[in-house]
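Here's a quick look at how this chain is put together.

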Amino acid sequence: SPRGILAIISITLLLVFLAITWKVPFLSKFPSHNTNEKHIKGAYELVAKDDQYTISIKFANDESDHGLRTTSSSSQQGDDGILVVSSLGPHKVVVQTHCDCPPIWMRIVGDGLIPIPLTQQLRQQKEGYEDWTGEFTLPMKGQYKIEERWYGCGNEKRNINPSSYDSTKGLEFKVDYEVGEKSIGDNNLHATDSNLPSSIFGTGAWISSKKMIAGEEDNEANEKETSMNDYLWANPQSIIDKSLTLLNYQLKGGDGTTTKHVLAKEAQHEFYSFSELGNYELVCWIGSQSAKELHSTFLAIRPQINSGQRPFKFHYYEAASFVNPDATWDLETKKKFRKCKHVLVSLDEVRNPTDPAEAGAGNDAKLSHLSQDEYRTQLITFVNHLTKAIDDETFPIWILTVMQPPMEATNCHRTIANGSTLVGSGDKTSEHPCNSILKDLFNQHKDSSSPSPVFPSRVRLLDNSDLSLPQWDRLGHSNVIAAVVLRIFVLVGHGVKEWRDAGQRGGIEGLERNGVLEPNFELVPYDWS
């Protein structure tokens, strides 16, 4: 009847009106929900409670750059209800929020542990929202889950409690495909840029220890040893080829207790000429607790790599600040430091003396955290001093990135003094803020067109952020330290090879270069002031 038709039309118009009035504010808040928008069409979305932020994930198409031949569309639902993805990646991520520089971190967990670094895009002034974009590539087929931590809009200055955060339920998915001609190889994974002409480190990723012990004869024993290591750093191809070796080592704590640890060693690990390191070619760590842990782990792993290299060649020098690093050294230690031939700097816990008069007061000094500007300025001054204290252009100096979880950052906050030496704020990222400064400095250093490089060419960055960024707490810290230590074995061995190729060798009477002996100089303490 006409009345019935009119009633249906009225109800329909009412529903349309309600839908529009409900949806328009939501669309204006997060435009990515608009099916006609330009961001990520066909993406999977994770929405936090109260619409604080939205995460969009766009999985890569079948036609990837990874030499894979797929058997299905890029993603579909499996029999168990879990999303099936047929490509390793790279997969795209966009986070949208109204916060300015929101403290949010993302990673992949499961059969691998993969960081999703986020970079700030230009703020959309009209819409009042901000995009943070990133991407990730998976190491091998398996089951994974997207995980994120959000510390709220009121914590842009990073004054956050690391244990208090919000998150969505995440997104579970698994990767399955048929292997193409290229299989899974070095081209499919990120290789660390060691700031060398070409990276001397092999391809690697954090892989679940369960993947490594699968199929082993002594499975029960291996599970017991790897139970404390959820993830180990390894090349996925080595797991497929079964060319991986698990090494056991022990560490003694400050309280005298001993803990067992496991390290994955590749069959093809290349340590260059590490076995040729001479008795007078000392390797030295200088820094805070992070440097101490690297040094002790290096000594613990050393027998597994080369038992012929004795511990007396490897020294640790405690330093709490860039301003006066030798504050706790006695006279003999200050002299001995001048003998170092390889220098590795790790100052995760660096502090800023609040008064120059207190800088040399050791543990009694009143210390504070460093701003970005202070960190950069003090680091440059410290490295310049270091190149004078270890005064030979053939002796490498490595500055290590900070291994601290970014949400626990204590230094490099954004308070910038007048007359700042910062070149520019650049793009904001989810990296540890001190690592952003380090990478900025060494990007300038690597720019051959720069008329005045920040550091001499022998000062290099050992970028371990691929190891540390997905670790959000101390549970995996020992694994990060062990993986960094393996890289240090490679660096030292590579340095020795460069010396030998150039006809250089350190001896008891001095340094020999191409048959010419340069006698030892008198050891006197270096003045850091």
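Five strands make up an open sheet in the order β1-β2-β6-β10-β9, with antiparallel pairing. Strands here are DSSP E runs of at least two residues and helices are H or I runs of at least four, numbered from the N terminus; two strands pair if DSSP finds at least two bridges between them. At the edges sit β1 (44-47) and β9 (119-120), each pairing on one side only. Further in, β2 and β6 run antiparallel over 6 bridges, and K58 stands opposite K92 in β6.

This is a predicted model: local features need pLDDT of at least 70, side-chain atom pairs count only at pLDDT 80 or more, and totals for chains, interfaces and linings use all residues. Residues are numbered from 1 along each chain as its sequence is written, and side-chain values use heavy atoms, leaving out hydrogens and water.

Now the packing. A nonpolar core is a set of buried Ala, Val, Leu, Ile, Met, Phe, Trp, Tyr and Cys residues joined through side-chain atoms within 4.5 Å, where buried means under 20% relative accessible area (1.4 Å probe, protein chains only).

| Core | Residues | Members include |
|---|---|---|
| Largest | 81 residues | W285, I286, F337, Y375, F382 |
| Second, separate | 39 residues | C99, I116, F136, V175 |

W285 touches (heavy atoms within 4.5 Å) F298, Y316 and I488, among others.

Finally, helix α7 (residues 372-389) reaches 26 Å from its first C-alpha to its last. With 13 of its 18 residues buried, α7 is largely enclosed by the rest of the structure.

Definitions and conventions. Buried < 20%, exposed > 50% of the residue type's maximum accessible area, 1.4 Å probe, protein only. Expected span 1.5 Å × (residues − 1). Lists of a residue's contacts leave out its neighbours within four places in sequence.
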